[in-house]
Amino acid sequence: MAEEGSEKENGGSASMDSMESRWVYEDVWESEIDDRLADGGATEEGNFPRMDSDDEDIAEQKLIRTGPHIDSFDVEVLEVPGAQRNDIEDVTMGRRLILAFQTLGVVFGDVGTSPLYTFSVMFSKAPVSGNEDILGALSLVLYTLILFPLIKYVLIVLWANDNGEGGTFALYSLICRHAKVSLLPNRLPSDTRIFSFRLKVPSPELERSLKLMERLEASLFLKKLILMLVLAATSMVIAGGVVTPAMSVISAVDGLKIGVSGIKQDHVVMISVAFLIILFSVQKYGTSKVGLVVGPALFIWFCSLGGIGIYNLLKYDTMVLRAFNPVHIYYFFKRNSTKAWYSLGGCLLCATGSEAMFADLCYFSVRSVQLTFMFLVLPCLLLGYLGQAAYLMENHADTTQAFFSSIP
């Protein structure tokens, strides 16, 4: 204790390791009750000895040394040796490759198959009347991919995880734990004592956060609004999970009509149903096994998508790179007016499945999802869309099967 006092006098607050013994206060009266219980010394009535009112006022406390203790706050900041971390660290190269394949197979299957149908849906609402329409639609797709999957999810939302858990309800649980916005009581007495402290915050950002928290806690309307948004977002994810498998599989099998002359639409539907039955029947083997099986296929898919895009850019028209200038979006809406807004619904298809990066975060680390998307998925998607647009610059009439027709 003398050493501890000298450290405080020197101006440094000694940081004690979480695994070391600590000094804590123990109420003398409670320790005596524990001793009597251990010795079988209860009163004749079977109750604890009574404490007089005078004793309550002058209840003594004494310092005792505790055993090794892990503080929850230390665990939260990951300062405890051996504590479980959210991000996977110090793993072998083989393990990293396996994790990357699993990430591809589980997380990026939906957004990776969107080039099959995005342009065909967009141009069914706003038919192509010139190269400027293709540049405008391509610019819409490029910036949708940059704004939603990249900036929103990869760079922002993935960091708002609940101790490694992702999804709408995990985010809601995180908010409820840091602010009293839950409509049902969900706190322990210890949580109430912890949140009763108010520290002087020098940071303007944290001051704004505290003001926002107090406003949320004081408004019943905002509490209900947050809950309704959570339920709506969860319903959208479920709806996407219902629609996406059928849309992706049918769009993929639809390419058989181009390669095989005898395949009709009825055959496409039946083959798609068979594939869906197989896909859902293997789900019982778990995410890890399914991810390992589908991961290599998705890796080949993304590499092929990028390669086909480069081929079409070199063969047809590299001028589609001008679509990175967002002014073409303005021209697209100026020329097509209402039809452009209809096609915007089809443009959103290029970002379907982006929420899986956050919803499936419990299976993977934040870093693995970020690196896989930024260095493989996003570049291949951009090249794929650029290649399709380059093909359409010379084939305006082939918008319904632009993806399959552009394959060399």
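**Reading helices, rings and buried residues**

Ring pairs link F119, F123 and Y385 into a cluster.

User: What kind of model is this, and how are residues numbered?

Analyst: This is a predicted model, where local features need pLDDT of at least 70, side-chain atom pairs count only at pLDDT 80 or more, and totals for chains, interfaces and linings use all residues. Residues are numbered from 1 along each chain as its sequence is written, and side-chain values use heavy atoms, with hydrogens and water left out.

User: How many helices and strands does the protein chain have?

Analyst: Helices (H or I, at least four residues) and strands (E, at least two) are DSSP runs, numbered from the N terminus. The protein chain has 20 helices and 2 strands.

User: What share of the residues of the protein chain counts as buried?

Analyst: Buried means under 20% relative accessible area, exposed over 50%, and partly exposed in between (1.4 Å probe, protein chains only). Of the 408 residues, 35% count as buried.

User: How is a pair of aromatic rings described?

Analyst: By the distance of the centres and the angle of the planes. Rings of Phe, Tyr and Trp (its six-membered ring) pair if their centres lie within 6.5 Å; planes under 30 degrees apart count as stacked, over 60 as edge-to-face and the rest as tilted. The count comes to 9 aromatic pairs. F119 and F123 form a stacked pair, 5.7 Å centre to centre, with 20 degrees between the planes. Both lie in helix α7 (residues 118-125), 4 residues apart, about one turn of the helix. F119 and F123 are buried.

User: Where is Y385, and is Y385 buried or exposed?

Analyst: Y385 sits in helix α19 (residues 366-392). Y385 is buried, with a relative accessible area of 0%. Beyond its neighbours within four places in sequence, Y385 is in contact with S114, P115, T118, F119, L138, V141, L145 and C350.

User: Which side chain makes a polar contact with the side chain of Y385?

Analyst: A polar contact is a pair of N or O atoms within 3.5 Å; within protein, one must be able to donate a hydrogen and the other to accept it, and residues adjacent in sequence count only if both atoms are side-chain atoms. For the side chain of Y385, the partner is the side chain of S114, at 2.9 Å.

User: At what angle do α8 and α19 cross?

Analyst: Axes are lines fitted to C-alpha atoms, for helices over the stretch in contact, and angles run from 0 to 180 degrees between N-to-C directions. Helix α8 (residues 131-154) and α19 cross at roughly 170 degrees, and their axes come within 10 Å. Angles under 35 degrees count as roughly parallel, over 145 as roughly antiparallel, 65 to 115 as roughly perpendicular and the rest as oblique. So α8 and α19 are roughly antiparallel to each other. The contact includes L138, V141 and L145 of α8 and Y385 of α19.

User: How do α16 and α17 pack?

Analyst: Helix α16 (residues 327-336) and helix α17 (residues 338-347) pack at an angle of about 125 degrees, with their axes 5 Å apart. That makes α16 oblique to α17. In α16, F332, F333 and N336 meet T338, K339, A340, W341, S343 and L344 in α17.

Key: Contact means heavy atoms within 4.5 Å.
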